[in-house]
Amino acid sequence: IVDHATTDPATLALYAELQEKHGARIVRVHGRFNFSRMVNMGVAASTADVVVLLNNDVEITDPRQLELMVAHAMRPEVGVVGARLLYPDGSVQHAGIVLQPGSHSEHPVLAQHVLRGAPGNADGYLHAMRTVRNYQAVTGAIIASRRTVFHEIGGFDEVCLPVEYNDVDYCLRARLM
């Protein structure tokens with residue numbers, strides 16, 4: 001668990017319980033928020049062959065979801081695996097990312113979430129929300145990737161992309177491997 005300056009007593013008590021009962025490692029990060037740095041520190045503190053990034057606001061509703069993600073991440077032709085995420089109202093938050101031309105020179109490229117806002121029970125175009133598919137990128141809220149891929153591409157970019165688009169950058173660099 002990578003923690004950014006939590007002071008909430010309930011969260012700290014949960015961390016202590018997880019450490020005691022399950023041997024969880026808590027990596028504490030202070031200072032300016034840098035998601036990429038936190039990811040890199042968390043991966044460095046872990047030992048698994050597949051690393052799973054999971055934001056603290058993501059709720060796993062199907063216990064097989066992580067197993068399936070790890071199974072796909074283990075395939076040698078796969079660099080990064082994501083998942084369909086739903087908002088609390090059941091609509092789609094994330095089902096993959098595609099890059100599209102931007103509207104002006106300040107933003108020449110836009111990273112667009114596929115089918116954002118669609119009903120969660122929809123099939124999507126060509127069953128896009130019901131099948132395993134390739135996308136240019138996936139959201140960093142939930143990612144599975146082999147440790148070898150992570151190290152080969154140098155992890156997340158802490159300098160140029162500390163907060164936003166680091167997930168898109170990571171996925172694009174993994175595609176170039």
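**Exercise 1.** What volume does the second largest pocket have? Find it, then describe the lining.

*Solution.* The model is predicted, so local features need pLDDT of at least 70 and side-chain atom pairs count only at pLDDT 80 or more, while totals for chains, interfaces and linings use all residues. Residues are numbered from 1 along each chain as its sequence is written, and side-chain values use heavy atoms, with hydrogens and water left out.

Step 1. On a 1 Å grid over the protein atoms alone, a pocket is an open set of points where a 1.4 Å probe fits, with protein on both sides within 12 Å along at least five of seven lines. Grid points are joined across faces, edges and corners, and a volume is the space filled by probe spheres set on the points. The second largest pocket comes to about 960 Å³.

Step 2. Lining residues have an atom within 4 Å of a point. There are 30 of them here, and I1, V2, V52, L54 and N55 are the closest to the pocket centre.

Step 3. Helices (H or I, at least four residues) and strands (E, at least two) are DSSP runs, numbered from the N terminus. Two or more lining residues come from each of β1 (2-4), α1 (9-22), α2 (35-44) and β3 (50-54).

Step 4. Ala, Val, Leu, Ile, Met, Phe, Trp, Tyr, Cys and Pro count as nonpolar, Asp, Glu, Lys and Arg as charged, and the others, Gly among them, as polar. The lining then divides into 20 nonpolar, eight polar and two charged residues.

**Exercise 2.** Describe the overall fold of the protein chain.

*Solution.* Step 1. The chain has five helices and eight strands, in the order β-α-β-α-β-α-β-β-β-β-β-α-α.

Step 2. The radius of gyration is taken over C-alpha atoms, and the globule rule is 2.2 Å times the number of residues to the power 0.38. For 177 residues a compact globule would be near 16 Å, and the chain has 17 Å, which agrees.

Step 3. Along its principal axes the C-alpha trace spans about 45 × 35 × 35 Å.

**Exercise 3.** Which residues of α2 are buried, and what do they pack against?

*Solution.* Step 1. Buried means under 20% relative accessible area, exposed over 50%, and partly exposed in between (1.4 Å probe, protein chains only). In α2 the buried residues are F35, S36, M38, V39, N40, G42 and V43.

Step 2. Seven of the ten residues of α2 are buried, so this helix is largely enclosed by the rest of the structure.

Step 3. Contact means heavy atoms within 4.5 Å. The packing partners of the buried α2 residues are β1, β2 (27-29), β3, α4 and α5.

**Exercise 4.** Which residues have the most contacts inside the largest nonpolar core?

*Solution.* Step 1. A nonpolar core is a set of buried Ala, Val, Leu, Ile, Met, Phe, Trp, Tyr and Cys residues joined through side-chain atoms within 4.5 Å. The largest one has 18 residues, and V39, V80, F156 and Y170 have the most contacts inside it.

Step 2. Elements giving two or more residues to this core are α2, β3, α4 (147-152) and α5 (166-175). The largest share, four residues, belongs to α5.

Step 3. Beyond neighbours within four places in sequence, the contacts of F156 include F35, V39, L53, F150 and Y170.

**Exercise 5.** Is T139 buried or exposed?

*Solution.* Step 1. T139 is in the loop between β7 (107-113) and β8 (142-146).

Step 2. T139 counts as buried because its relative accessibility is 12%.
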